[in-house]
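The sequence and the structure are shown next.

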Amino acid sequence: MNQINLFDDHTVSAPLASRLRPQTLDDFVGQQHLLGPGRLLRQMIERDDISSMIFWGPPGVGKTTLARIIANHTKAEFIDFSAVTSGIKEIKEVMAKAQASRAMGVRTVLFVDEIHRFNKAQQDAFLPYVEKGSIILIGATTENPSFEINSALLSRCRVFVLHQLSEDEMVELLVRALHHPDGYGEQNVQISDDQLHVIARFANGDARTALNTLEMAVTNGQISAEGITVTDDVLTQVTNRRSLLYDKSGEEHYNLISALHKSMRNSDPDAAIYYMERMLDGGEDPLYIARRVVRFASEDVGMADPRALEVAIAAYQACHYIGMPECDVCLGEAVVYMAMAPKSNALEKGTIAAKKDIKDKPAQPVPLQIRNASTRLMADLDYGKGYQYAHDTEEKVARMQCLPDALAGSRYYEPTEQGEEKRIKHKLDALIRWKAGDDSAIDEIRGE
């Protein structure tokens with residue numbers, strides 16, 4: 001590839017994304033649900049009526065840019081603060097300065113980038129100053145504020161959710177970069193609409209990634225007397241690996257595992273495979289996914305297809321034996337099996353109901369007839385008295401109560417009509433009738 005230097009002039013020495021950072025709301029691309037005409041956030045900025053707020057959204061959607069636009073509009077003192085490089089000491093210094101400014105009648109807007117990186121003690125340090133009005137706090141985070149921001153601080157901030165940019169919005173951003181004087185407006189860059197869409201899709205909603213990719217493609221373009229041409233070969237090289245948003249310890253981790261579980265539950269194998277591969281592509285441990293599939297096999301399939309648990313365990317073992325990347329097909333087989341299996345949550349409901357009784361009711365004594373009389377004293381106390389050995393009966397079942405007296409007749413496992421569970425339901429219903437005295441149910445128990 002022909003390497004060229006487009007940035008000899010000191011005015012264009014900064015990265016393209018920095019040079020094109022919007023300075024006004026009219027230059028801002030995307031987030032029309034917040035910044036469109038008449039929308040709340042736009043009105044707050046235009047009126048310079050800013051309250052404490054949190055900007056929550058994925059990388060590259062404009063959180064920091066919005067804060068800088070506020071800095072350009074507000075008459076308050078604006079302080080840019082990084083959660084990465086600052087601690088309690090720096091927070092207290094800024095707070096003291098803000099209080100001094102407030103005494104002079106000057107508001108302080110404090111912008112904290114990556115506020116989720118602050119620990120609880122650091123976040124607590126802001127709280128009294130936000131409550132007193134000494135500062136107006138604007139935080140930016142890629143993580144769910146419900147998990148990462150202290151509830152007391154979060155309750156005093158308005159949360160604005162920024163969305164991933166659409167492909168059309170990304171293309172609009174790229175076209176602006178090609179014509180803007182701080183971009184390539186002085187260069188004759190030849191790049192097709194299809195190539196712009198390739199970059200937009202590659203960026204996956206991240207404006208910074210889109211502009212960085214465009215910059216790399218132009219920098220490595222072919223130079224001619226007519227200008228610079230971005231070739232398909234160059235574009236392929238600069239877009240050869242896309243990193244999908246995925247944080248193994250963050251919200252997207254839980255979003256994707258939830259999506260996988262619910263896709264299997266809804267018998268959608270295509271969606272299930274997609275979300276499984278999304279997680280693996282993001283570096284997720286296949287054994288974590290396999291463990292969730294094992295759980296699913298009992299929670300959502302259960303006795304409707306008892307073999308589902310065997311398949312899930314086999315997939316876990318396969319992932320353990322061969323690892324990535326080969327094990328994704330084994331895991332995929334289990335995921336598809338779960339999606340297509342008959343579904344029953346009867347086991348899940350039964351265990352929940354039993355745990356509730358254990359929690360809410362007094363511990364019940366085990367009936368004497370099913371206690372083990374392992375000593376003479378126990379036998380003298382009637383342990384095991386009245387026990388009926390099921391194998392000694394023709395029906396292989398005895399009319400003997402096993403639940404404690406206080407829980408006699410309780411139903412925890414109630415089979416559905418799905419898959420294999422339909423047969424189990426028929427037999428269990430017959431067993432219950434027979435134990436209640438209906439001798440005619442014995443033929444159903446025997447399967448006759």
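Lys-425 is located in helix α20; helices (H or I, at least four residues) and strands (E, at least two) are DSSP runs, numbered from the N terminus. With a relative accessible area of 23%, Lys-425 is partly exposed. The scale used here is that buried means under 20% relative accessible area, exposed over 50%, and partly exposed in between (1.4 Å probe, protein chains only). Leaving aside neighbours within four places in sequence, Lys-425 is in contact with Pro-415, Thr-416 and Glu-417, where contact means heavy atoms within 4.5 Å. Glu-414 is 11 residues from Lys-425 along the chain, and their C-alpha atoms are separated by 7.4 Å.

Gly-437 lies in the loop between α20 (421-435) and α21 (442-446). Its relative accessibility is 48%, so Gly-437 counts as partly exposed.

## Basis of the model

The model is predicted: local features need pLDDT of at least 70 and side-chain atom pairs count only at pLDDT 80 or more, while totals for chains, interfaces and linings use all residues. Residues are numbered from 1 along each chain as its sequence is written, and side-chain values use heavy atoms, with hydrogens and water left out.

## Overall form of the chain

The protein chain contains 21 helices and eight strands. Its radius of gyration is 32 Å, well over the 22 Å that the globule rule gives for 448 residues, so the chain is more spread out than a compact globule. The radius is taken over C-alpha atoms, and the globule rule is 2.2 Å times the number of residues to the power 0.38. Taken along the principal axes, the box filled by the C-alpha atoms is roughly 100 × 60 × 40 Å.

Of the 448 residues in the protein chain, 44% are buried. Among contacts with a separation of 6 or more, 72% are between residues 24 or more positions apart. The chain exposes about 24,100 Å², and carbon and sulfur atoms supply 50% of this area; accessible areas come from the Shrake-Rupley method with a 1.4 Å probe, and for residues only the protein chains shown count as cover.

## The largest pocket

The largest pocket has a volume of about 730 Å³. Of the 37 residues that line this pocket, the closest to its centre are Arg-21, Gly-60, Gly-62, Thr-65 and Arg-208. Two or more lining residues come from each of α1 (16-19), α4 (63-73), β4 (136-141), α9 (167-179) and α11 (207-219). The largest share, four residues, comes from α11. By class, the lining has 14 nonpolar, 11 polar and 12 charged residues; Ala, Val, Leu, Ile, Met, Phe, Trp, Tyr, Cys and Pro count as nonpolar, Asp, Glu, Lys and Arg as charged, and the others, Gly among them, as polar.

The search uses a 1 Å grid over the protein atoms alone: a cavity is a set of points where a 1.4 Å probe fits but cannot get out, and a pocket is an open set with protein on both sides within 12 Å along at least five of seven lines; lining residues have an atom within 4 Å of a point. Grid points are joined across faces, edges and corners, and a volume is the space filled by probe spheres set on the points.

## Backbone features in loops

Met-324 and Pro-325 are joined by a cis peptide bond, with omega about 5 degrees. Pro-325 is found in the loop between α16 (307-322) and α17 (327-340).

Asp-48, a residue other than glycine, has a positive phi near 55 degrees. It lies in the loop between α3 (40-46) and β1 (53-56) and, at 14% relative accessibility, counts as buried. Ser-267 also has a positive phi, near 55 degrees. Ser-267 is found in the loop between α13 (251-265) and α14 (269-281), and at 39% relative accessibility it counts as partly exposed.

## A buried phenylalanine

Phe-296 is found in helix α15 (residues 286-301) and is buried, with a relative accessible area of 0%. Leaving aside neighbours within four places in sequence, Phe-296 is in contact with His-261, Met-264, Arg-265, Val-301, Met-338 and Lys-343.
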